[in-house]
Amino acid sequence: MGISDRFSGWRVLKEGLTGNKGWTPHWRDPEPKRDYDVVIVGGGGHGLATAYYLAKEHGLRNIAVLEKGYLGGGNVGRNTTIVRANYYLPGNSEFYSHSLKLWEGMEQDLNYNAMMSQRGILNVFHNDGQRDAAVRRANSIINQGDDAEILYRDQLKTLVPFLNYDNNRFPIMGALLQRRAGTARHDAVAWGFARGADQFGVDLIQNCEVTGIDVEGGKVVGVQTARGPIRAKKVALAAAGRSSQVAAMAGLTLPIESHVLQAFVTEGLKPVIDHVITFAEGHLYISQSDKGGLVFGSYLDFYSSYAARGNLPMQEYTMEAIAAMVPAVTKARLLRSWGGIMDMTPDGSPIIDHTPIEGLYLNAGWCYGGFKATPASGDCFAHLIATDRPHAAATRFKLDRFRSGYGLMDEEGTGAQHNLH
Amino acid sequence: MRITCPLCGARDRREFTYKGAALPVPALEAGVAEWDAHVHLRDNPAGPLEELWQHDMGCGAWLKVTRNTATHEMLGVALAQDAGLAIKEGQP
Amino acid sequence: MRISGKGLVSHNRTVNFSFNGKDYMGLEGDTLASALLANDVHLVGRSFKYHRPRGILTAGSEEPNALVSTGKGAARDPNIRATQQELFEGLAAQSQNCWPSVERDVMAVNDLAAPFLGAGFYYKTFMWPAPLWEKLYEPIIRRAAGLGALSGAANKDPYEKAFAFCDLLVIGSGPAGLMAALTAGRAGTDVILAEDDSRMGGRLLAEVEEIDGKPAHVWVAEGLAELEAMDNVRLMPRTAVTGVYDQGTYSALERVSHHLPPSQSLKTAHRPRECFWRVAAKASVLAAGAIERPIAFRNNDRPGIMMAGAVRAYLNRWGVAPGARITVFANNDDAHRTARDLVAEGVHVTAVIDSRHDAPDSGEFPVIKGAMICDSAGRQRLESVTIRSVNGEEKLQTDCLAVSGGWNPSVHLTCHMGARPEWNRELAAFLPKPDAVPGMVVAGAANGVFSTHGALQDGAQAAVTALAGMGTSVDAPPLPVASDAPYRISPLWAVPGKGRAWLDFQNDVTVKDVAQAARENFRSVEHMKRYTTQGMATDQGKNSNVAALAVLADATGRSIAETGVTTFRPPFVPTSIAAMGAGAEDQGFKPQRYLTSHKASLQRGAANIEVGLWYRASYFAKDGESTWRQSCDREVTMVRKAVGVCDVSTLGKIDIQGPDAAQLLDLAYTNLFSTLKLGRVRYGLMLREDGFVMDDGTTARLGENHYVMTTTTAAAGQVMAHLEYLTQVVRPDLDVRFTSVTDQWAQFSVAGPKARDLIDALVDEDVNGETFPFMACGAITVSGVAGRLFRISFSGEHAYEIAVPARYGDALYRLLLERADPFGGGPYGMEALNVLRIEKGFITHAEINGTVTAFDLGMQGLVSKKKSCWGKALSERDGLMDDDRMRLVGLKPVGAMQVLSAGAHLFDPDATVERVNDLGYVTSVGFSPTLGHMIGLAMLSGGPDRMGDTIRLVDHTRGIDTLCEVVNPVFFDPEGGRVRG
């Protein structure tokens with residue numbers, strides 16, 4: 001990147017003094033070429049990050065990212081912005097640990113302020129069983145090399161005094177705290193990776209729906225798109241929310257069901273919640289954005305959907321959980337609700353793997369966890385595409401694990417029903 | 001969202017629990033491959049889908065609901081016991 | 001300034017209120033906004049980013065500027081729209097987002113730094129040094145952002161939720177909505193008419209018009225009286241329909257008592273603050289009207305610059321002239337009515353500035369055609385505007401500017417199910433996509449029909465169409481006579497020129513910001529929105545979005561239709577969490593289930609804990625016991641040495657009957673139940689379809705075709721649904737019926753060496769080793785009450801479970817405790833129960849956590865080889881039979897630290913403590929008073945192959961790093977002599 005294109009406080013001052021006329025596009029809008037080394041299907045967070053790391057870590061340049069709509073228009077732009085590395089099963093542990101480390105250096109790496117805010121996440125528990133599970137999880141996190149602490153009621157009360165400690169259907173016993181966890185400005189993550197990839201010469205092609213995957217003799221040779229056929233040595237699928245449809249173009253049936261997860265934001269308010277807080281009872285998670293809106297969510301709507309919108313029962317349930325656990329914020333008004341389409345797998349954990357078709361790679365099945373995975377997903381997927389070997393942090397995200405029974409990662413223990421994770 | 005239970009009439013979605021795609025149940029003795037496909041793999045269409053719901057906060061009936069997953073339009077509801085999903089042969 | 005006698009307010013009934021601590025007087029019927037304007041107060045708040053002074057823009061719930069806080073202490077309500085808050089005696093409101101006062105706001109320095117705070121500036125800076133983001137930059141940004149403040153205290157105000165059902169939901173009560181409601185109401189259908197405003201009538205309350213020769217508001221009053229007299233019509237004022245959901249479900253928020261002084265509302269009058277409605281309607285008519293849009297020009301955000309329609313509303317409905325020298329700036333005919341009405345009331349109108357060269361003339365006020373306003377002046381209140389015309393630029397002294405850039409139909413609800421509105425070039429507006437929502441018909445201004453006559457006709461027709469859709473045929477009623485003036489407009493979005501011209505007033509998004517976004521290639525309307533925050537303020541872009549995307553279209557050389565809109569999402573008006581979550585506060589979040597022994601337990605000193613939805617006794621503190629451990633140890637010893645009584649009614653109980661009952665059990669359980677003898681009980685294991693353990697429990701055979709299954713407390717509902725699945729979906733051919741009887745039976749465990757003595761003395765039948773051997777069951781009577789007795793044990797002791805109908809539970813429990821006393825027995829709680837079961841290696845959901853198989857638990861022997869069962873196929877996957885899987889073992893401490901810890905992880909003693917060496921974890925621990933040391937259960941990789949090995953146990957969170965020995969999980973009486981004895 002040219003030094004004059006770098007973002008910095010000085011640049012903001014300079015441009016401000018000269019009428020902000022010097023800003024240039026964050027990325028180009030190139031016409032698609034006829035041939036690429038790698039075509040990435042899906043211009044969301046994972047697809048863009050994959051392109052960025054393919055270029056940065058593996059020196060590839062002849063890459064296209066094909067996006068049906070606009071960049072970052074999928075789940076990277078419609079989540080609750082939580083970043084954490086508090087998983088406890090092998091496979092997830094090392095992956096999200098890797099991801100958090102990438103998050104910590106990402107803004108400087110990308111020269112883009114994604115407002116990664118390591119404000120800490122508190123997973124509140126309510127009873128002995130949940131406490132024991134939190135302790136098991138905390139120990140897993142520490143054994144992985146990340147930070148975790150168990151706080152009991154009085155310590156928690158000092159930190160977050162506004163929770164319902166006194167008259168709660170499920171009394172608050174304590175919380176698992178991970179201080180390095182937090183939030184990030186979701187759109188900026190997509191834009192930062194897009195700008196970074198573009199500066200390496202990656203072609204980001206918007207409004208370019210993939211309509212077919214060309215396979216010859218068991219090997220992928222290219223894709224059909226709304227803007228014509230494009231040949232490719234390797235095709236990488238990163239189209240969460242539409243994974244099944246995209247994979248079906250290559251004749252694959254995935255262990256994925258698509259479900260809608262709603263998220264919510266309130267009107268802007270002065271700072272009241274400084275952490276990300278989740279509750280074991282109710283599955284509620286809540287934080288406050290830098291703009292002041294309370295951002296929260298809970299369960300899936302639980303039925304298959306591609307509608308990107310939900311229904312009232314889960315909206316009400318989520319508000320009820322807040323009324324129960326955080327009654328100090330219930331005067332806040334819900335401003336906007338929306339839905340994202342989740343690739344739900346039978347064990348609630350993702351897939352980064354080869355497919356049975358040579359040259360066709362799959363990144364899918366992120367369930368609830370896609371946003372926090374963004375940098376590591378890109379890094380590990382890029383590694384797999386470039387080297388044909390899994391990245392050390394993503395050796396267990398196998399497509400065939402459900403059939404083999406080896407390495408299942410069911411963090412919630414809810415079993416092979418897609419919507420229960 | 002409302003579902004018209006064949007036994008109870010139109011009721012709010014909150015009375016029902018969702019299981020997933022309504023697929024014919026393999027024989028218990030069928031091998032891992034068949035059960036793997038039944039339990040894990042999904043066509044997952046963005047469009048009409050036959051799926052199983054239970055009216056658990058109502059009459060308890062399991063229902064085969066045909067619903068468009070892209071629009072949430074309800075295309076049909078029948079009792080699951082009449083839907084032909086049952087194990088075809090053999091005794092457990 | 002109030003105009004005497006004008007409007008629909010009560011001029012002889014004054015109301016005292018305060019704003020920012022200063023006392024004012026308004027009239028009954030005022031909103032806070034109309035009362036402030038009547039008192040010539042324009043400066044109400046500050047904008048979000050630049051802290052610019054902000055006045056009152058609109059007269060409705062879409063207000064982006066005049067947001068205030070009301071109420072004191074925990075009752076403080078932030079972000080109340082002054083335009084919506086009805087005045088009541090003693091109302092106290094405060095400005096927000098300003099310090100120390102709205103007049104002198106320190107953060108207004110941001111406005112001076114505006115060149116550096118443009119669109120997306122924060123994405124480009126604050127990156128160095130990295131740790132300063134959390135420590136310095138972010139806290140400053142957070143404090144500056146946000147509007148109102150929450151009190152910080154728990155919200156104790158009452159809120160409610162309710163369901164409603166109707167044939168036709170009419171949304172909006174203007175001319176179209178009223179005609180729709182009248183048409184459907186007269187046809188006898190069940191109608192709900194919901195209106196966001198406190199008073200029904202919509203724009204008819206704000207306009208000087210005649211309908212059927214009467215003033216419009218009189219026609220409204222007559223129509224409402226007719227509707228009120230109908231039993232089949234419900235009028236719901238102060239009720240905003242907030243969302244549209246599937247199959248005719250609508251959400252609505254009723255502001256029940258925001259308009260009442262706290263003393264008259266809330267608990268005293270049993271009125272909630274708000275009620276959240278879920279409405280199931282067969283059809284709906286959307287008659288939500290339209291929202292007027294501003295025109296962007298330099299400094300168009302000053303207090304005193306208002307919407308032309310709002311100025312008219314304040315004048316005609318509230319009798320308030322918002323200025324003494326009012327100017328109108330417009331691009332359409334409609335806004336000329338503002339000047340007309342003002343002149344009619346003697347208010348000075350300086351001029352109508354109309355951007356159209358063909359604007360109509362007026363004899364009553366000057367019209368400057370083909371002109372635009374290009375700037376304004378006045379720090380906290382508008383003082384002048386600059387007019388640009390063919391004659392050049394000229395300053396005009398004025399204290400109020402009424403702006404109209406045309407009207408945007410309120411299409412929002414038509415988009416909630418995913419439809420996009422369609423651009424109409426003639427009206428320069430987005431109109432609803434036809435059939436956007438199944439069963440919804442759009443009428444009146446919301447449908448782009450702006451004349452009163454047109455709206456009346458459209459409303460009537462909409463009702464006819466909607467009713468026809470549900471099979472009710474109605475004739476269109478005769479229409480009242482009303483004006484049919486055409487709506488003439490020529491689009492004008494932004495006046496060209498230097499300086500900042502606002503689009504989104506609250507979020508401080510200007511034309512320049514949108515242009516910059518386009519320059520930086522945020523050209524998609526979604527990118528522009530997200531990059532600039534345009535339309536993300538509390539009004540969700542209701543006032544500004546269309547103009548912003550017109551500016552974007554211009555900047556990117558596309559048409560408005562090509563540019564498209566962002567997605568309209570619920571709720572239409574912001575809705576409090578308290579209303580949508582009503583009922584869940586305090587203990588209301590989930591049902592509370594109490595045992596029949598609850599009261600007697602409390603009398604015995606029980607400490608209660610929640611187990612799922614149930615409350616159970618944790619332990620029973622006796623005099624002299626100061627910790628739970630002392631009580632627990634005593635209770636364990638009591639059971640091992642004498643007899644203990646524990647309420648186990650929380651376990652799920654399913655009564656199964658029918659010729660194929662045994663077949664169902666053989667399908668559901670891994671082991672055989674068809675071979676179970678009558679009068680016997682068997683332990684069973686149930687798998688999910690993926691082969692993992694779902695649940696365990698005992699099932700008793702009470703008759704040839706009659707079984708009672710018990711489930712764990714946690715899985716009772718899941719197992720019930722599973723049996724329904726097996727019998728309705730998998731094997732509908734089975735002739736079997738079952739029902740949950742968990743709540744019908746009270747069941748008590750009686751365990752210990754003295755259990756038989758106690759039971760034998762209690763029940764009317766002989767209970768001995770022959771009549772009730774281990775794992776026997778049968779009918780008994782207790783004091784003449786028919787019950788059931790099961791000789792089963794979860795403690796390893798000689799034990800029974802005795803069950804009676806729930807209504808006798810309390811009596812039996814008290815009787816059992818009374819009879820246990822002489823034996824040295826008594827009640828025991830969950831803590832002791834847990835230690836007793838660990839001593840015996842019995843599992844609970846601490847072990848059956850959804851990720852373990854029968855193989856992992858050492859129970860592969862329970863998976864019958866003689867038959868198939870549910871889940872068996874996938875349980876035999878290679879990966880689930882691997883010896884290295886974590887499998888159940890017992891642990892006992894051998895290190896210097898004689899402790900075990902649940903949640904600790906296990907390692908080889910010589911391995912480093914890191915994830916790659918992790919061998920497993922501890923599921924359950926307890927101190928065994930029987931054995932005199934701690935014992936634990938654990939899932940350990942290759943566990944059964946490591947019996948006798950020393951293993952390292954590490955719990956970082958408790959500072960534990962010690963050694964323990966891997967042992968058989970059955971710590972006590974492994975031969976089972978006691979249970980049979």
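Guide: Let us begin with R54(C), which counts as buried because its relative accessible area is 1%, under the 20% that sets the limit for this word. Please keep in mind throughout that what you have before you is a predicted model. The side chain of R54(C) has a partner, for it meets the side chain of D508(C) in a salt bridge, with N and O 2.9 Å apart. This pair links distant parts of the chain, since R54(C) belongs to strand 4 (residues 53-54) of chain C, whereas D508(C) sits in the loop between strand 29 (502-504) and strand 30 (509-510), 454 residues apart. D508(C) is buried as well, because its relative accessible area is 0%. As a general point, side chains of opposite charge can pair when their charged atoms come close.

R312(C) and E207(C) form a salt bridge through their side chains, with 2.8 Å from N to O. R312(C) lies in helix 7 (residues 308-316) of chain C and E207(C) in the loop between strand 9 (191-194) and strand 10 (210-211), so this pair ties together parts that are 105 residues apart in sequence. Here, too, both R312(C) and E207(C) are buried. In a further salt bridge, that of R952(C) with D961(C), the closest N and O atoms are 2.8 Å apart. R952(C) is buried, with a relative accessible area of 18%, whereas D961(C) counts as partly exposed because its relative accessibility is 40%. Over all chains, a search of the whole structure finds 96 salt bridges, and some residues are linked in a network of them, namely E316(A), E320(A), D12(B), R14(B), K161(C) and R278(C).

Helix 10 (residues 511-519) of chain C packs against helix 12 (residues 545-556) of chain C at an angle of about 45°, and their axes are 9 Å apart. That angle makes helix 10 of chain C oblique to helix 12 of chain C, and the crossing of helix 10 and helix 12 of chain C is right-handed. On the side of helix 10 of chain C, V511(C), V514(C), A515(C) and A518(C) take part, and they meet A548(C), V551(C), L552(C), A555(C) and T556(C) in helix 12 of chain C. Sorted by class, this contact of helix 10 with helix 12 of chain C has eight nonpolar residues, one polar residue and no charged residues.

Another packed pair is formed by helix 16 (residues 628-641) and helix 21 (residues 830-839) of chain C, where the angle is about 55° and the axes are 8 Å apart. Helix 16 and helix 21 of chain C are therefore oblique to each other, and their crossing is right-handed. W628(C), C632(C), E635(C), V636(C), V639(C) and R640(C) in helix 16 of chain C meet E831(C), A832(C), V835(C), L836(C) and E839(C) in helix 21 of chain C. In this contact of helix 16 with helix 21 of chain C, seven residues are nonpolar, none are polar and four are charged.

S618(C) is found in strand 34 (residues 614-620) of chain C, and S618(C) counts as buried because its relative accessibility is 3%.

Helix 17 (residues 661-668) of chain C makes a fitting last stop, because it is mostly covered, with seven of its eight residues buried. The buried residues of helix 17 of chain C are A661(C), A662(C), L664(C), L665(C), D666(C), L667(C) and A668(C). They pack against several elements of chain C, including strand 36 (652-657), strand 37 (681-687) and helix 18 (716-730).

Definitions and conventions
Residues numbered from 1 in each chain as written. Chains lettered and ligands numbered in written order. Predicted model: local features only at pLDDT ≥ 70, side-chain atom pairs only at ≥ 80, totals over all residues. Heavy atoms only, no water. Axes fitted to C-alpha atoms, helices over the stretch in contact; angles between N-to-C directions. Helix = DSSP H or I, 4+ residues; strand = E, 2+ residues; numbered from the N terminus. Parallel < 35°, antiparallel > 145°, perpendicular 65-115°, else oblique. Left-handed = near helix turned anticlockwise from the far one by under 90°. Contact = heavy atoms within 4.5 Å. Nonpolar A, V, L, I, M, F, W, Y, C, P; charged D, E, K, R; others polar. Salt bridge = Lys/Arg side-chain N within 4 Å of Asp/Glu carboxyl O. Buried < 20%, exposed > 50% of the residue type's maximum accessible area, 1.4 Å probe, protein only.
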